[in-house]
Amino acid sequence: MAPIGTLHYLVTAASLFVLGVIGVLTRRNVVIVLMSIELILNAVNLNLVAFSRIWGLHGQVFAIFVITDAAAEAAVGLGILIAFFRNRETVNVDEVDLLKW
Amino acid sequence: MQPVATTFFFYFLSGLTLASGVLVITRKNPVHSALALIFGLLAQAGLYLMLYAPFVAGVQIILYAGGIMVLFLFVIMLVNLERSQKEEQFNKQWLVGIVAAAALGVLFVLVYMKGADLFPVRMTLPTESNNTQEIGVMLYGQYMFAFEIASLLLLVAIIGAVVMAKKRI
């Protein structure tokens, strides 16, 4: 069996990314859509850390910045979800159409 | 220290990550999705350890599995409806969505097949004993400005979340 190289990690991350995209495009529950976005960000992090083994620690520093972004995004997204739930009593994305003409 | 059974641990951890990813996007109950996501994040922390990134692995466990997922679980408790579990879980364009995601996957496969020799199998073996120290030096040296911007971003996110979740704006 081939030794585990960078490509193995990249393929894992790509599969995780595609799973996250499927979740974002097909689910109706906003909470699960946000969790799928976390999956996508994690796939990116895995790529960055895998590359940091070839080209130095910059990838790991950037992965920490991506985690910071994920925390900010989750806090604001869930805040919006709570505000919306208070108004419309629903958590489905396709019923979030107040701005749709 | 030379790693042992790298192949086994890689396939075990990445299989766990992908399996929990599938569970996240297929479960009806959001609490089950959140628990599956926590498992996936922990398995991914193991992958980071295999890549000689102990600091990122620790941050992953503390911040993601400990912080962000608790936030998710709290919000699920706040907005969880019995009704929403009886409704249709997938929206009307789910077929188009899966086709688009499959196209993206084919693109990834093509890129990685054409460019496989861009990613060398031989990897440098960085020292993990001073990994945290080196990341700290880079964060406070070369990436000082980005670090400050990140703290500003977190401040904005705190204010935004509090304002959004307030009863009367």
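The legends below describe close-up views of a predicted model.

Residues are numbered from 1 along each chain as its sequence is written, while chains are lettered from A and ligands numbered from 1 in the order in which they are written. In this predicted model, local features need pLDDT of at least 70, side-chain atom pairs count only at pLDDT 80 or more, and totals for chains, interfaces and linings use all residues.

**View 1. The fold of chain B.** Chain B has seven helices and zero strands, in the sequence pattern α-α-α-α-α-α-α. Helices (H or I, at least four residues) and strands (E, at least two) are DSSP runs, numbered from the N terminus. The C-alpha trace of chain B spans about 55 × 40 × 30 Å along its principal axes. Its radius of gyration is 20 Å, whereas a compact globule of 169 residues would have one near 15 Å; the value is taken over C-alpha atoms, and the globule rule is 2.2 Å times the number of residues to the power 0.38. Of the 169 residues of chain B, 23% are buried. A residue is buried if 20 or more other C-beta atoms lie within 10 Å of its own, exposed if 12 or fewer, and partly exposed in between, with C-beta atoms placed from the backbone.

**View 2. The side of chain B that touches chain A.** Here 70 residues of chain B are in contact with 60 residues of chain A; contact requires C-beta atoms, placed from the backbone, to lie within 7 Å. On the chain B side, α1 (6-26), α2 (30-50), α3 (54-79), α5 (94-114), α6 (131-140) and α7 (144-165) each supply at least two residues. The largest share of this side, 13 residues, comes from α3(B). By class, the side has 53 nonpolar, 15 polar and two charged residues. Ala, Val, Leu, Ile, Met, Phe, Trp, Tyr, Cys and Pro count as nonpolar, Asp, Glu, Lys and Arg as charged, and the others, Gly among them, as polar.

**View 3. Helices α2(B) and α3(B).** The axes of these two helices come within 8 Å and cross at roughly 175 degrees. Axes are lines fitted to C-alpha atoms, for helices over the stretch in contact, and angles run from 0 to 180 degrees between N-to-C directions. α2(B) and α3(B) are therefore roughly antiparallel, a term for angles over 145 degrees. Residues that meet here include B:Leu37, B:Leu41 and B:Tyr48 from α2(B), and B:Ile61, B:Tyr64 and B:Phe72 from α3(B). The contact has 20 nonpolar, two polar and no charged residues.

**View 4. The largest nonpolar core.** This core has 67 residues, and those with the most contacts inside it are A:Val31, A:Met35, A:Val49 and B:Val56. A nonpolar core is a set of buried Ala, Val, Leu, Ile, Met, Phe, Trp, Tyr and Cys residues joined through C-beta atoms within 7 Å. Two or more residues come from each of α1 (6-26), α2 (30-55) and α3 (58-88) of chain A, and from each of α1, α2, α3 and α7 of chain B. α2(A) gives the most, with 14 residues.

**View 5. Surroundings of A:Val66.** A:Val66 lies in helix α3 of chain A and is partly exposed, with 14 other C-beta atoms within 10 Å. Not counting residues up to four places away in sequence, A:Val66 touches A:Leu41, A:Val44 and A:Asn45.

**View 6. Surroundings of B:Phe39.** B:Phe39 sits in helix α2 of chain B and counts as partly exposed, with 17 C-beta neighbours inside 10 Å. Leaving aside neighbours within four places in sequence, B:Phe39 is in contact with B:Leu16 and B:Ser20. The C-alpha atoms of B:Phe39 and B:Leu16 are separated by 7.9 Å.

Methods
Contact = placed C-beta atoms within 7 Å. Parallel < 35°, antiparallel > 145°, perpendicular 65-115°, else oblique.
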